[in-house]
Amino acid sequence: MSADNKRRTFIKSGLVALCLLPATASAKQRYDSPLSTNRLRPPGAVSEDNFTGSCIRCGRCVEVCPYRCIEPLDLRQGVNAGTPIIDVENIPCYLCMKCVDVCPTGALQRVAQDQTRMGVAVVDHYTCVSWQEKILCRTCYSVCPFIDKAIRLEQFKPVVDERYCTGCGICTHACPVLQTAAGKNGKAINIEPVYAYEFSLPESEITAVDGGL
Amino acid sequence: MLWLKKRSWNFWRLLVQTLSFALLITIPLLNYYLQFDFIQGWYQSISFGDLWFVSPLEGLERILVTRELYGPLLVGMALPVVLAFLCGRVFCGWICPIHYLSELSDRIRRLVTGKKQIKDRWLLPRWLLWIALIGELLLTMIIGAPLFVFLSPPGLVGRELMRLVFFNTLAIEGLVVVAVLLLNLITRRFFCRYMCPLGGLLSLVARRRKLRVVIDPTSCSHCNQCDKACPLGLEPQQGGGEYSQCWNCGACVDACSRGSLTYRWGSDEKKTQKTN
């Protein structure tokens, strides 16, 4: 009898734990967007608030991408498991818009190439060799698909115009700077995802701003 | 073509299942190595050219979570729903890779141990399948994020195969598939019988289906062979073929030595009232 009871409570608590596990995991993960600097959603993605619900993880965007830049996340990202992400440092998006055409659930909406907003490029003036006036590098300017619009040169220094920047990440991929100092991204030009911009501010910068005030 | 007629339903089902599983392997290979995008995806969403299918439960979850209708999604869900409405859970019985892997492991075990089948340890009420469906949808709504889309065992098989071809890795959620297959040790198709929300949704749609396995009580000798053969434990001898959970796999039809069990199209039988 007692053994039976023990087993029953064990099964019960196990079931309760199983039910609560995804809830707690998701409560955390929901506000922990998998997006961060240089890790973006494919073009035409709906707002990050709706993306987890809209995407059915069918992986067709991953399969269709001719550049293999889209990869699916796994269960370490909680409820975002299976959703597509582009790591532009690895392979950037070349805006071929094939993934948008195959999405069956409207998580990726049809959008014109120049209307795409995956993120916005931000030049790090402290590591960019042109801004530091070490050498005349204009790699990001030359590779930008919207040259002289999204990235232009002002006194030989690259300047991003967020009105035109699609966040494709070709500039990040091409940037020759590889800074490995702690707390800094490797590249001198990085893509901040539009919807996760506020989440991706490092702790140190927030406190620095607070301290300044 | 006479040799075709002699084949059993088990043969045809295994052929369809094998082809369906081969599709899951072939599609990523074609996509990756030949850049051939005409066929794409797996059983969450699969496309043949412009003919797109979307798994009904995944689509329903997407609609419930986002509270938005999306035309192409509804069109993609339509054909699977119509198929389930007419033929029942045939996706589960004839296509689903989980049932295929379970059936393969059953056959291997039969070859190795010689035992026909293992004992079903836990026999739970059939309505647990409805609880699984309702519970899954409620949990999805409470959490505000779809769960079955990334934890569905049939979808995971496809996603893991794709990951293997594209990235040469496997993801940890693949353990769900292993767990589901291990549940077969408790009871045959334990997950499919009591826990699969997709099976629950397809059963719900299939309540007034056309294709059924019916029994002719006059020629039945009550030998129980069909009850033993049914992977879902539906007891076709007592009219289990009428239950909405039946996935029309045809194992009972093959098991019957007297031909008392047959597929029937249409609902003119008065027995059809007796659905669960």
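Is E58(B) buried or exposed? Hold that thought for a moment, everyone, while I cover the ground rules. This is a predicted model, where local features need pLDDT of at least 70, side-chain atom pairs count only at pLDDT 80 or more, and totals for chains, interfaces and linings use all residues. Residues are numbered from 1 along each chain as its sequence is written, chains are lettered from A and ligands numbered from 1 in the order in which they are written, and side-chain values use heavy atoms, with hydrogens and water left out.

Back to our glutamate. E58(B) counts as buried because its relative accessibility is 1%; buried means under 20% relative accessible area, exposed over 50%, and partly exposed in between, with a 1.4 Å probe and protein chains only. You'll find E58(B) in helix α3 of chain B, residues 56-66. Helices here are DSSP runs of H or I with at least four residues, strands are runs of E with at least two, and both are numbered from the N terminus. Leaving aside residues up to four places away in sequence, E58(B) touches I56(A), Q44(B), F148(B), V149(B) and S152(B), where contact means heavy atoms within 4.5 Å.

Three strands form an open sheet in the order β1-β2-β3, with antiparallel pairing; two strands pair if DSSP finds at least two bridges between them. At the edges are β1 (39-42) and β3 (51-54) of chain B, each pairing on one side only. Between β1(B) and β2 (residues 45-48) of chain B there are four bridges, and I39(B) has F48(B) in β2(B) as its bridge partner.

Next, the nonpolar core, meaning a set of buried Ala, Val, Leu, Ile, Met, Phe, Trp, Tyr and Cys residues joined through side-chain atoms within 4.5 Å. The largest one has 87 residues, and I70(A), L108(A), I151(A) and I189(A) touch the most other members. Helix α9 of chain B (residues 153-167) gives the largest share, six residues. Domain 1 (2-208) and domain 2 (210-276) of chain B both contribute, so this core lies between them; the domain bounds come from an automatic or database domain assignment.

One last stop is T37(A), in the loop between α1 (2-31) and β1 (39-40) of chain A. T37(A) is buried because its relative accessible area is 14%. Its side chain makes a polar contact of 3.0 Å with the side chain of E192(A). A polar contact is a pair of N or O atoms within 3.5 Å; within protein, one must be able to donate a hydrogen and the other to accept it, and residues adjacent in sequence count only if both atoms are side-chain atoms.
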